[in-house]
Amino acid sequence: MLAPRLATVSTAIAAPPPKLAEPFYVSAPWKALMSAIRRERGDRCQDCGRSGVRIFGDHIVELKDGGAKLDPRNIFLRCGSCHSKKTAVERAKRTAIKYS
């Protein structure tokens, strides 16, 4: 039997850099708003009801689409799964409009 002729290549150098939060999401006004919303609504996903997981403050109308940054009526509490689904749907809509 012949030895393999192709070497294994490490993909570690091709890994994407870690995601950094937008400065707005670490600002004092955002943190204060999120604390107030969590006290009012509870620390659970408003879509699926999960608790005990990381909860994100998600803009209903995304900032890229003109949503209000600090309006509590524009913030929905979502778990990571629900946040990712909603973001993917909105991104797909934006892309469809861009290329239509």
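Analyst: Let's start with a term we will need: buried means under 20% relative accessible area, exposed means over 50%, and partly exposed lies in between. Please keep in mind that this is a predicted model.

User: Why is Glu-62 called buried?

Analyst: Glu-62 has a relative accessible area of 13%. The cut-off for buried is under 20%, so Glu-62 counts as buried.

User: What makes Arg-94 and Glu-62 a salt bridge?

Analyst: Their closest N and O atoms are 2.4 Å apart, and the rule asks for a side-chain nitrogen of Lys or Arg within 4 Å of a carboxyl oxygen of Asp or Glu. The pair therefore forms a salt bridge. Arg-94 lies in helix H2 and Glu-62 in the loop between E1 and E2, so this bridge ties together parts that are 32 residues apart in sequence. At 23% relative accessibility, Arg-94 counts as partly exposed.

User: Which residues are joined with Glu-62 and Arg-94 into one network?

Analyst: Through salt bridges that share partners, Asp-47, Asp-58, Asp-65, Arg-78 and Lys-86 are joined with those two. The structure's count comes to 9 salt bridges. Another one of them is between the side chains of Arg-38 and Asp-43, at 2.9 Å from N to O. Arg-38, at 30%, is partly exposed, and so is Asp-43, at 46%.

User: What makes Arg-73 exposed?

Analyst: Its relative accessible area is 70%, and exposed begins over 50%, so Arg-73 is exposed. The side chain of Arg-73 meets that of Asp-71 in a salt bridge.

User: How do you know that the buried residues of H2 line one face of the helix?

Analyst: Those residues are Cys-82, Lys-86, Thr-87 and Glu-90. Seen down the axis of H2, they fall within an arc of 125°, so they line one face. They pack against E1 and E2, while the face turned away from the buried side carries the exposed residues Lys-85 and Lys-98.

User: And why do the buried residues of H1 line one face?

Analyst: The buried residues here are Trp-30, Leu-33, Met-34 and Ile-37. Their arc, seen down the axis of H1, is 100°, so they too line one face of the helix. Strands E1 and E2 are among what covers them. Ala-28 and Arg-39 are the exposed residues on the face of H1 turned away from its buried side.

User: Why is the ring pair of Phe-24 and Tyr-25 called edge-to-face?

Analyst: The structure holds 3 aromatic pairs. In this one the ring centres are 5.0 Å apart and the planes are at 70°. Pairing needs centres within 6.5 Å, and planes over 60 degrees apart count as edge-to-face, so that name applies.

User: What makes the pair of Phe-24 and Trp-30 tilted?

Analyst: Its centres are 5.3 Å apart and its planes are at 50°. Under 30 degrees would be stacked and over 60 edge-to-face, so this pair is tilted. Ring pairs link Phe-24, Tyr-25 and Trp-30 into a cluster. Both Phe-24 and Trp-30 are buried, whereas Tyr-25, at 31%, is partly exposed.

User: Which charged end sits over the ring of Phe-24?

Analyst: That of Lys-69, at 5.0 Å from the ring centre.

Key: Residues numbered from 1 in each chain as written. Predicted model: local features only at pLDDT ≥ 70, side-chain atom pairs only at ≥ 80, totals over all residues. Heavy atoms only, no water. Buried < 20%, exposed > 50% of the residue type's maximum accessible area, 1.4 Å probe, protein only. Helix = DSSP H or I, 4+ residues; strand = E, 2+ residues; numbered from the N terminus. Arc of directions from axis to C-beta. Contact = heavy atoms within 4.5 Å. Phe/Tyr/Trp six-rings, centres within 6.5 Å; stacked < 30°, edge-to-face > 60°. Lys NZ or Arg CZ within 6 Å of the ring centre and 35° of its normal.
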